[in-house]
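Here is my note on the aromatic contacts and the chain interface. Please read it beside the model.

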Amino acid sequence: MVDAEMSFEEAFDRLEATVRQLENGDLTIEEAVALYEQGMALAQLCQQRLDAAELRISRLALSSDGYYEKVPLDESLSEL
Amino acid sequence: MQIYTVAQVVRYLKELIEADRILSSLWVEGEVSNLSRSAAGHLYFTLKDTESQIRCVMFRGQLAASSSIVPSNGMAVIVHGRLSVYEPQGVYQLYVDLIQPEGVGLLQLQFERLRAQLEREGFFDPARKRPLPRFPQRIGVVTSLGGAVVHDIINVISRRFPATELVIAPCAVQGPDAAQEICDALQALNCSDLVDVIILARGGGSTEELWPFNEEIVARAIFGSRVPVIAGIGHETDFTIADLVADCRAPTPSAAAELAVPHQQECRLRIDAARRSLQRLASGFVESNRSRVARLVELMERASPSKLIDERRQRLDDLVRQAALRARHTLDLREERLQSAGRQLASLNPVSILRRGYSVCVHEATGQVVKSVQQVAENDYLKIRVFDGTLRGKVVEP
């Protein structure tokens with residue numbers, strides 16, 4: 001249910017949606033437990049994304065076959 | 001030889017004038033005179049100088065849309081408009097779309113004119129501005145690489161929300177080539193399909209230095225960008241056309257970076273809050289279910305058949321015991337009465353009466369029990385029964 005490839009936005013939204021579902025009540029205990037586990041897994045995923053994050057920086061360039069791609073930013077930038 | 005109608009001639013003149021490049025968009029300075037306003041709200045006046053004059057009209061719609069001033073007679077102004085012919089009267093007129101007081105700089109004039117035009121075209125319409133993504137996965141940056149701006153943006157985003165990516169499309173941000181390079185960069189980012197939002201940024205500078213961001217092609221490139229654009233140009237007080245067209249305007253490049261991403265601390269707080277809610281709600285569920293189950297068990301036990309049987313059994317025992325008690329009680333009572341009757345009977349027993357000293361007299365001749373002195377005469381014989389036998393007696397004295 002919780003895909004490791006999920007974007008932060010999707011995980012975050014689903015986490016808050018899971019809390020809302022539990023708040024609504026009207027669930028069997030199995031459903032409640034399943035939502036709890038799903039929510040905790042989503043929270044974990046979000047947390048990890050934030051903790052592990054390092055800003056990636058690249059530059060847009062046009063490749064030889066006419067597609068746009070990311071290339072590493074020029075090293076000299078750091079000297080400015 | 002051709003003979004023309006008046007209409008044909010006038011129309012020909014109109015077409016000639018409208019085809020002229022200069023006459024279709026020109027700035028004219030002069031003095032206002034003969035100013036009047038029609039019932040519909042249109043402005044009619046004459047623009048003149050010492051040698052000549054020209055008729056002008058400014059329609060109500062143009063006046064409203066632009067930041068034009070409403071002039072008064074005698075005022076020196078600069079107007080922008082196009083020349084044409086009003087056919088019914090056979091007169092040429094300047095159709096004005098902007099009026100500014102004389103003395104306003106050329107750049108300012110151009111700015112005002114473009115602003116009015118784009119506003120009419122709906123470029124600044126708030127309804128058209130797109131919402132920014134809340135957690136962009138990749139952020140495009142259009143700015144110059146040679147300057148503090150790109151570093152500022154990198155620093156702000158690193159601090160606030162490093163869980164994202166920057167894709168920089170560098171360009172000149174001042175000079176004659178800048179406008180085109182800015183357009184190219186915006187277009188490239190759009191075509192790459194790599195970014196969710198674009199920051200268009202440039203540090204502070206003079207009006208001339210900021211001018212590329214007032215160019216029409218840049219405005220059109222921002223308007224046409226599929227990806228939402230945040231403009232962070234110059235300082236707090238600088239307002240360019242790009243600022244007005246962008247989906248979102250920030251006072252500086254750093255502020256633009258702040259608008260692009262949330263702060264990770266706020267995200268962490270919300271994640272923690274969600275975790276706490278999950279725990280609270282889940283244990284709430286378990287607790288309420290536990291007490292529900294307990295109650296159900298209780299109800300079941302009360303209603304259970306074995307319990308019922310036990311109850312009945314107990315009642316049976318009770319009834320039996322009570323019955324036995326009652327029976328005994330009755331028996332006891334009877335016995336009691338029996339004994340009492342026995343005693344009564346015993347006391348009434350003639351033998352015990354005799355024992356007490358009484359005797360029974362029987363007249364020997366008649367055999368009757370003597371109960372009265374009348375029944376006997378002198379010399380009658382009596383049988384006297386006492387407790388332990390019988391005596392024979394004779395009446396001596398009645």
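The points below take the interface, then the rings.

1. This is a predicted model: local features need pLDDT of at least 70, side-chain atom pairs count only at pLDDT 80 or more, and totals for chains, interfaces and linings use all residues. Residues are numbered from 1 along each chain as its sequence is written, chains are lettered from A in the order in which they are written, and side-chain values use heavy atoms, without hydrogens and water.

2. In chain B, 43 residues are in contact with 42 residues of chain A (heavy atoms within 4.5 Å). About 3,800 Å² is buried between the two chains, and carbon and sulfur atoms give 69% of that area (accessible area lost on being put together, 1.4 Å probe, summed over both parts). On the chain B side, I271(B), L278(B) and F285(B) lose the most area to chain A, together 17% of what that side buries.

3. Six salt bridges are counted between chain B and chain A (a side-chain nitrogen of Lys or Arg within 4 Å of a carboxyl oxygen of Asp or Glu). One joins R134(B) to E9(A), with the closest N and O atoms 3.5 Å apart.

4. Ring pairs link F8(A), F12(A), F135(B) and F161(B) into a cluster (centres within 6.5 Å; planes under 30 degrees apart are stacked, over 60 edge-to-face, the rest tilted). Over all chains there are seven aromatic pairs. F59(B) and Y95(B) have ring centres 6.0 Å apart and planes at 45°, so this pair is tilted.

5. R82(B) lies over the face of Y95(B), 4.8 Å from the ring centre (CZ of Arg or NZ of Lys within 6 Å of the centre and within 35 degrees of the ring normal). The charged end of R392(B) sits over the ring of Y381(B), 4.3 Å from its centre.
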